[in-house]
Each structure stands twice: as C-alpha cells, then as structure tokens.
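Please read it alongside the sequence and the structure shown here.

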Amino acid sequence: MQFDSQLHRVPVDLGEHAYDIEVGYGLRNQLAEHLAPWNKGQQWVVLTQQAIFDIYAPVVDSLRAAGFNIHPIIVPGDESAKNIRYAEQVWSEMVELGCDRSSILLALGGGVVGDLGGFVAATYMRGIPFVQIPTTLLAMVDSAIGGKTAVNLAAGKNLVGAIYQPKAVLIDPDFLATLPRRNVISSLAEAVKYGFIRDVSIFETFETRFDDLVALNDEALLSEIIAKSCAIKAAIVSADQFENGERRLLNYGHTIGHAFETLEAYQGLYHGEAVLYGMKCANFISHHKGLLSKADYLRAKAVLDRFELPPLSKMAAEDILKVVAHDKKYINGKLNFIVLDALGNGLVSTDVTADDITASLGEVA
Ligand code: ADP
Ligand code: ZN
C-alpha cells in the first residue's frame, strides 16, 4: 500500500522501554491496525481537548467500530489543564469507567495533553501503558518524545512529574492542517534547532526549502523533517535519559529564549518564537567567541531572519541576566550555554559571560 511506503519508523532505543515512533500522512485513519496488537478487550481512554475532539471525533469512532472499548475524556483547552486537579479528575473518571492496570491511555493533542496524559498514565494504578498521538508540530518534534510528563504548580511550570515512556508515538502530520499557522510555523523553531546542533542536512533543508516547509505543502518533505527531528531527539534522550550530559544540547536557543518568554510573561511570544530569538543570540555568541565562522554565522542568520516574528518588547539586559541566573542551567556555579562551532554541531560552553549575553542582545533589538 502506498501509505506504508511513506511511513517512517524511528526506533527509540531504551532497553526494556524501547518503542517506535511512526510518522506518516493518514496514520490517524490507520490507528486501529497499529493499536490492534495491544487490544485485549480492556478499557481504553482518549485524553483530549474539546477543540480537537470537535474535529477528530471520527478517529475515536473508528477505533470503537474496530472493537475498541474506548472513551474520550476531555480536559480544558489551555495550559490550565496541566494541573493536579485535572489529573485527579481524569484518575476519578477512569475509575468510574472501570479502567484497571491493563487499560491504555491515548494522549490525543499537543504538549498540554501529552504532558498531562503522560503524568496520569505514569501514576494511575502505579502506571498504565500510554500512546502519544501528537496533534501539534511542537508535540510531534519535541514534547511527545523524551518521556517528560508533568503538571504545573502555582510556583512554576512542570514542577511535578515523572519520566515515563510511551508504548508508541504515532504521528500524522495531517493533523497540522487544522492548526493556526502561527502555532505551526513557530514550532519549526525546534526542527531547525536540531539542524543547528546535530544535523546540517536539516539546516540545509530550511535553507533551500523554507517556503515549502512553512506552507506545509510538501508531504514527503514535512514527514522527513519530522522523522529526522524525532530521531535526533530520541537519540539524544536515549543516550541521556536523566539529563546530565548530552540532553543539555537541546537547550540550544533556550537559555536566552526562555528569558524572553518569561519577561513576556508567556503572553506575547510563542515558545518557538522566543527560541528563534534565543538562537539568534546564541549564534552571535558562538561567532563572537571565535567558534562559529563568519560565513556559517551569516548562513544561520539568513535562515533565522526568514521567520516572521512579532517584535520583542523592550527588555533591560539586567532583567534578562536575572532570569538566566535563575535558570537551572547553572551547574557547579557555571552557566552551561549551548554554542555552535559549525552548522550541525552544538556543544556546551562554560565560558559564556554576562557580557557576552548582553552583547548578543543587539542581535534582536
Ligand atoms: P503546543 O503543543 O503547541 O504547546 P497546546 O497543547 O497548548 O500546543 O495546544 C494548542 C491549542 O491548539 C489547544 O487549544 C489545542 O486544543 C489546540 N489544538 C491542538 N491540536 C490541534 C489541531 N490539530 N487542530 C486544531 N486545534 C488543535
Ligand atoms: Zn523548546
């Protein structure tokens, strides 16, 4: 079948927790086939949000029609769902539905549903299997991979959670057709990030096919970029499940980007947009420190400048430095800052100073 020939399978090598990520257009219409090996007549739960269910209820209907004993559970459509109160509500609904340890949870949604769903699955009856079915690009290339699950506290985001791996991640890029463009385009930031830190071929695709990527009009190209992104994230997190070493590379663009995001109080900027600004600063620093050649710095800048970004609010350098100082990226008193010494090669630097960061802000003023 044509469908199968276009399916990318990315194995995630986590020993006894190994699983596959599958990427293919139309996969959502083939879920029954993909999930059948796990269907033993137990209760299944689809955790999702109303806006997603309104469009994609047929996905659940088709599983029911294929003999799955399946029930949707709906949580709020925004970040407020990542709260222990909703986790409790979902646990309780699952008890009422008769879910036991053999039940399987499908997280159908973006980062919010994936993080909450993973957390509920990690904790319900001490852990039940779950499957990520990401519906946003950010979840497809980033948050659904790596096993991080969490809820927020008033004191901060993601403060309570677990590392818990899914049984599978099933990615149908066709879900992106119903997302607002700004959500999709900003999330390409995470894909270009993998290009910068690990795989120059991803960077080159952004260089040569930027318009096609942003327009989502080449299915083969988009599937390939998503699959490559997943493979890089999976390789990095499998080598470093508990985030002591390599996983720090994923923070590229995020140290300063996170400061922008925080100072905008998560309102004005999407995560990916803040990271795009953060990558501009990180590349400036990489060049300024003599690591990244002028030619590579300019190539990188040309790609990053093609993303249309909302203007950054005026921020004082000292406020940015304060947020950076509060970040967890200090290890033994040293800032661990991700720089590039070539396109496609990120590394950790411990000698990026406050002055370097301040100098880099000229890049985004
Ligand atoms: P992200 O993964 O980008 O962080 P969220 O999980 O916060 O995104 O989801 C953003 C919003 O988009 C939510 O309101 C969610 O219900 C909605 N949403 C998610 N996926 C889709 C989709 N494929 N089509 C339409 N709306 C969606
Ligand atoms: Zn990110």
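His271 lies in helix 11, where helices (H or I, at least four residues) and strands (E, at least two) are DSSP runs numbered from the N terminus. This is a predicted model, in which local features need pLDDT of at least 70 and side-chain atom pairs count only at pLDDT 80 or more, while totals for chains, interfaces and linings use all residues. Residues are numbered from 1 along each chain as its sequence is written, and side-chain values use heavy atoms, with hydrogens and water left out.

According to the unreviewed UniProt entry, the annotation "binding site" covers Glu190, His254 and His271, although such annotations may be inferred rather than shown by experiment. These residues span 82 residues in sequence, yet no two of their C-alpha atoms are more than 10.1 Å apart, so they gather at one spot. The side chains of His271 and His254 are joined by a polar contact of 3.2 Å, that is, a pair of N or O atoms within 3.5 Å of which one must be able to donate a hydrogen and the other to accept it.

Two of the annotated residues are set out below; buried means under 20% relative accessible area, exposed over 50% and partly exposed in between (1.4 Å probe, protein chains only).

| Residue | Relative accessibility |
|---|---|
| Glu190 | 0%, buried |
| His271 | 26%, partly exposed |

Glu190 lies in helix 7 and, leaving aside its neighbours within four places in sequence, is in contact (heavy atoms within 4.5 Å) with residues including Leu138, His254 and His271.

In helix 12 (residues 294-304), Asp296, Tyr297, Ala300, Val303 and Leu304 are buried.

Notes:
Chains are lettered from A and ligands numbered from 1 in the order in which they are written.
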